[in-house]
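Please keep the sequence and the model at hand while reading.

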Amino acid sequence: MIRKSFISTLAVAGLISIATGNARAITDTDLGLFGTIEIASDDLTSLPQWKRVISSFKELDKQAALCDRDIQKCKSQQMTLWRAKIQELELETANAKVRQVNSFINKWRMTTDEETYKRSDHWAEPLEFIVNGGDSEDFAIMKYISLKELGIPASSMRIVVTNDVLRGKTHTILSVDTGSERYVLDSQNNTILREDLVRYYVPFYSLNETKRWAHVPKQAADLKKAAGVEKND
């Protein structure tokens with residue numbers, strides 16, 4: 001059963017007219033990532049780990065600038081390799097940047113938060129990832145910050161926390177909209193895939209530095225059923 005609070009949220013999003021009891025059909029233009037209905041917010045207070053990571057970007061910029069000016073001041077060999085790759089890709093096309101950043105960052109060590117940080121869930125700051133590697137959200141964050149530095153607008157990218165229905169676990173990817181296509185950058189695949197061809201990820205929520213989005217599968221928002229919630233609850 002779809003809860004009243006969920007229906008109210010859809011009403012705010014402009015998808016249902018509760019006042020009249022009428023519903024309009026959801027069209028493809030209403031749908032967001034992976035064909036879901038999206039509910040956006042600019043309030044990031046419910047994502048403290050992401051806010052902490054964002055606050056670390058200034059220190060990353062500082063360390064990157066030092067490394068670029070003098071290789072002897074690079075904090076680690078991994079930092080040196082990352083800065084060299086960024087410089088190598090500066091004049092490439094957007095599609096080449098997306099492809100090469102995905103495969104390059106995927107060379108880092110895949111590890112768990114328990115192993116590295118002795119806690120069940122830790123979103124690594126980029127400077128932590130560069131040294132330690134990380135899990136799926138850490139790979140997505142590092143790709144996000146790398147592409148942002150290479151001129152890909154942050155507004156065209158989202159870190160997406162999904163349900164991986166094939167493996168039965170939570171998995172995070174980076175979604176990048178190049179204007180002509182939307183691509184999935186995945187720590188489990190060096191090939192970038194068009195999002196419309198990826199059927200095994202169901203998004204829970206997505207985010208960038210200014211917004212977050214909740215995702216509702218289209219099937220869960222069957223508007224004919226929703227119109228009868230008041231009577232059936």
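A salt bridge is here a side-chain nitrogen of Lys or Arg within 4 Å of a carboxyl oxygen of Asp or Glu. In this predicted model, Asp-68, Arg-83 and Glu-149 are linked in a network of such salt bridges, and a search of the whole structure finds 11 salt bridges.

| Salt bridge | N to O distance |
|---|---|
| Glu-115 and Arg-109 | 2.5 Å |
| Glu-209 and Lys-148 | 2.8 Å |
| Arg-182 and Glu-195 | 3.0 Å |

In the pair of Glu-209 and Lys-148, whose side chains meet in a salt bridge, distant parts of the chain are linked, since Glu-209 belongs to the loop between β8 (201–207) and β9 (212–217) while Lys-148 sits in helix α8 (residues 136–149), 61 residues apart. Glu-209 is partly exposed, with a relative accessible area of 22%, and Lys-148 is likewise partly exposed, at 33%.

Arg-182 forms a salt bridge with Glu-195. Arg-182 lies in strand β6 (residues 182–186) and Glu-195 in the loop between β7 (189–194) and β8, so this pair ties together parts that are 13 residues apart in sequence. Arg-182 is partly exposed, with a relative accessible area of 27%, whereas Glu-195, at 7% relative accessibility, counts as buried, because buried means under 20% relative accessible area.

Technical notes: Residues are numbered from 1 along each chain as its sequence is written. This is a predicted model: local features need pLDDT of at least 70, side-chain atom pairs count only at pLDDT 80 or more; totals for chains, interfaces and linings use all residues. Side-chain values use heavy atoms; hydrogens and water are left out. Helices (H or I, at least four residues) and strands (E, at least two) are DSSP runs, numbered from the N terminus. Buried means under 20% relative accessible area, exposed over 50%, partly exposed in between (1.4 Å probe, protein chains only).
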